[in-house]
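Colleague: I am new to this structure and would like a close look at a single part of it. Could you take me through the metal site first, and then through the contacts that can be followed outward from there?

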Amino acid sequence: MKKAFKLKNIIIAIVLVLLLIQFIRIDKTNPIADPGLDYFSIVQAPQEIETLIKNSCYDCHSNQTVYPWYSNLAPVSWIIKSHVKEGRQHVNFSEWGNYPAGRRGHKNDACKEMIEKKEMPIKPYLLMHPEARLSEDQYAKLVSWFTNE
Ligand code: HEC
């Protein structure tokens, strides 16, 4: 009986914490995306490549993030926010025009490597975004795109 009472308290505590953390909201305002600086206004990519990269990478690597409904739920929201923040720090396709040539080359190679190893898009994202999943053929097309760029 006593044990059950304790368990009940623990559950109440967890529920309270979950409710309280909902007040810690994330900032979902996208930084301004200048179309002139966007990757696709700088490189001449085929439409298919553009669609693939926009569908699979732009939520974390651009200033055009589309936040899903569950990004309103803490603590999932905090994880999503940190992925977007970190993603943009590594590669931001919306700010490609601001990178000097050397850095573009480096980021291009990093993209190739990440796709080749299938490390991008990250697994938890793919789980929730079936539309961003890439087929073998699509991975190969992107690798070849970043190899020849
Ligand atoms: C759900 C968010 C998300 C998506 C979608 C995503 N990434 Fe990332 N990306 C990250 C995060 C977070 C990091 C930094 C941490 C890491 O390396 O795992 C990162 C890092 C990178 C890096 C830097 C790696 C390094 O070691 O410097 C490259 C390049 C990259 N991503 C390319 C891509 C490409 C290309 C796509 C689309 C095919 C993509 N990412 C899709 C979140 C994402």
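Modeller: What follows begins with the metal site and then turns to its surroundings and to the salt bridges.

This is a predicted model, in which local features need pLDDT of at least 70 and side-chain atom pairs count only at pLDDT 80 or more, while totals for chains, interfaces and linings use all residues. Residues are numbered from 1 along each chain as its sequence is written, and side-chain values use heavy atoms, with hydrogens and water left out.

The iron atom of the ligand is coordinated by NE2 of His-61 and SD of Met-120, at 2.0 to 2.2 Å; donors here are N, O and S atoms within 2.8 Å of the metal (3.2 Å for Na, K and Ca), and because water is not among the atoms, sites may look incomplete. His-61 belongs to helix α4 (residues 58-61), whereas Met-120 sits in the loop between α6 (101-116) and α7 (123-128), so the two residues tie together parts that are 59 residues apart in sequence. For comparison, ideal angles for six octahedral donors are 90 or 180 degrees.

His-61 is buried, with a relative accessible area of 14%, while Met-120, at 30%, counts as partly exposed; buried means under 20% relative accessible area, exposed over 50%, and partly exposed in between, with a 1.4 Å probe and protein chains only.

Ser-62 lies in the loop between α4 and α5 (76-90), and at 0% relative accessibility Ser-62 counts as buried. A polar atom of the Ser-62 side chain lies 2.8 Å from the backbone nitrogen of Gln-64. Val-66 is also found in the loop between α4 and α5, but Val-66 is exposed, with a relative accessible area of 58%. The C-alpha atoms of Val-66 and Lys-28 are separated by 8.9 Å, although these residues are 38 apart along the chain.

Turning to the charged pairs, the structure holds 5 salt bridges, each being a side-chain nitrogen of Lys or Arg within 4 Å of a carboxyl oxygen of Asp or Glu. One of them joins Lys-118 and Glu-136 at 2.8 Å, N to O, and this pair links distant parts of the chain, with Lys-118 in the loop between α6 and α7 and Glu-136 in helix α8, 18 residues apart. Lys-118 is partly exposed at 29% relative accessibility, whereas Glu-136 is exposed at 58%.

Glu-48 and Lys-141 meet in another salt bridge, at 3.1 Å, N to O, and they connect helix α3 (residues 47-56) with helix α8 (residues 136-148) across 93 residues. Lys-141 also meets Asp-137 in a salt bridge at 3.2 Å, N to O; these two residues both lie in helix α8, 4 residues apart, about one turn of the helix. In relative accessibility, Glu-48 is partly exposed at 41%, Lys-141 is partly exposed at 31%, and Asp-137 is partly exposed at 46%.

Notes
A polar contact is a pair of N or O atoms within 3.5 Å; within protein, one must be able to donate a hydrogen and the other to accept it, and residues adjacent in sequence count only if both atoms are side-chain atoms.
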